[in-house]
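Hi there,

Here is the model I promised to pass on. Have a look first, and my notes follow below.

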Amino acid sequence: MTRRVAITGIGAVTPLGVGADGLIERWSAGESGIEDGFGRCREFDPEEHLSIKTARRADRFTQLSLVACGEALSQAGWDDEPPVDPGRTGCVMGTGIGGIGTIEDQLEVLRERGAEAVSALAVPMMMANAASGVVAMRHGLKGQCYGTVSACAAGAHALGAGVRMVQHGDADACVAGGAEAGLTPFAQAAFANMGATSPSGVSRPFDARRDGFVMGEAAAALVLESEESARERGAEVLGYVTGYGATADAHHLTAPEPSGDGASRAIELALADAEVGPDGVDWVNAHGTSTSLNDASETEALKQALGERAREIPVSSLKSAIGHTFGAAGAVEAAATALALRRGVAPPTVGWEERDESCDLDYVPGEARALEGNGRPLCAISNSFGFGGHNAVLCMEAA
Amino acid sequence: MAAATKEQIEERMTEALVSFGAERDDVKRDADWESLDVDSLDLVELAQIVEEEYGVKMKEEDMKEMKTVGDAVDFVAERAGS
């Protein structure tokens, strides 16, 4: 018997602003945070939120994490005395690369000024587990704490790890999510040269005109807590994570399996974990990257896992509004899923206009749509897939 | 390397400590590292600055002897430009 996992806090810093409310409000209104071909967190100024000492010792992905986790933990009641035993509170943050900005800066220092000038802070800033470690330090979280690294599925894997931790009683609460700040010259060149990014600079998931993803940066986190713990201390339950499934394609370094087999198995596992059938799914928050391959294979995966029901369920991609935030994406999308279920809406795939033969589902064009739960709490899945063939899917339910 | 005065060294080290996050008003000769929230990572950075700008090596065992801002300034001033 596993424990039910409630969400008691949600935090996000994204190209749609600092704060989770802005994310869902602006996405639902069909706004886009993409400018000049990038999804930057333009409204994020680290100095507004962090002390000089904290900011200068943290790569941007950790700075974003501190603010997103701070928002989630504050909402969950961590402002003063920790409401849950710190030894039973975990922290897991995913990232695709970690502190790539620090790596690039310090490589330049090495080449221009020599080995002795390389910063003593380089290692603690660039390590991919810095976000989880620094967040745990700041909030005194002393349970399990680590980073997950699985490219664009890292945020979803982190949440999955947190869900299992709470389900199985290894922790009573866990702040989990993902962060990425990789809008650096090296990363831009590398993604462009592999043909992954959009030459037009437009993120158009599932649209016939899509030509690659738009790079973005973000962080988001959920406070996951056993329902029992949340109820006992009177915390507001914002939603539930009811299922988690993860698989590997074992197919290709970067291309998804065309049949969507790995992704569809992850969806099936998440639904089985949640004890929900295809008829119980009201919305899909898709991975939807705006690449030719992903959007076609994800569509296949949805049809495989959900059968005929796939044609009736609205499928939205948040990447249409903020671009691809890599290791943060799974967490930002899970945060947005929880918030959308709370509001009972499926936000739109912003800018979707032209149907593609290989993408033949309902991608919520135009504007947000009200969701009907047919008398039961609304339920959605949030998909995340990463280079390397990593698939992670979360099943979530409205409170 | 031009010889630096003790005042110049103190000003440069103060500037470095402020950039690490210490309050300028708290950085005084008799202030100890703990009161400035300066830890071992900050001291390594300070040593890098001192070596690059004054050619003075502050080794780990030297740093263990330095308890205050004044200790560090004196250590560097004694060796700088000599």
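Let me start with a strand pair: E12 (residues 379–386) of chain A and E13 (residues 390–398) of chain A run antiparallel and are joined by eight bridges. Strands here are DSSP runs of at least two residues (E) and helices of at least four (H or I), numbered from the N terminus; two strands pair if DSSP finds at least two bridges between them. This is a predicted model, in which local features need pLDDT of at least 70 and side-chain atom pairs count only at pLDDT 80 or more, while totals for chains, interfaces and linings use all residues. Residues are numbered from 1 along each chain as its sequence is written, with chains lettered from A and ligands numbered from 1 in the order in which they are written.

Within that pair, A:Phe385 has A:Asn391 of E13(A) as its bridge partner. The two strands form a hairpin with three residues between them, and A:Gly388 in the turn has a positive phi of about 105 degrees.

E12(A) also pairs with strand E8 (residues 283–285) of chain A, in the parallel sense over three bridges; there A:Trp283 stands opposite A:Ala380.

How many residues of E12(A) are buried? Eight of its eight are (buried: 20 or more other C-beta atoms within 10 Å of a residue's own, C-beta atoms being placed from the backbone). One side carries A:Cys379, A:Ile381, A:Asn383 and A:Phe385, the other A:Ala380, A:Ser382, A:Ser384 and A:Gly386.

Finally, nine residues of chain A are in contact with nine of chain B (C-beta atoms, placed from the backbone, within 7 Å).

Best wishes

Conventions. Contact = placed C-beta atoms within 7 Å. Buried ≥ 20, exposed ≤ 12 C-beta atoms within 10 Å, placed from the backbone.
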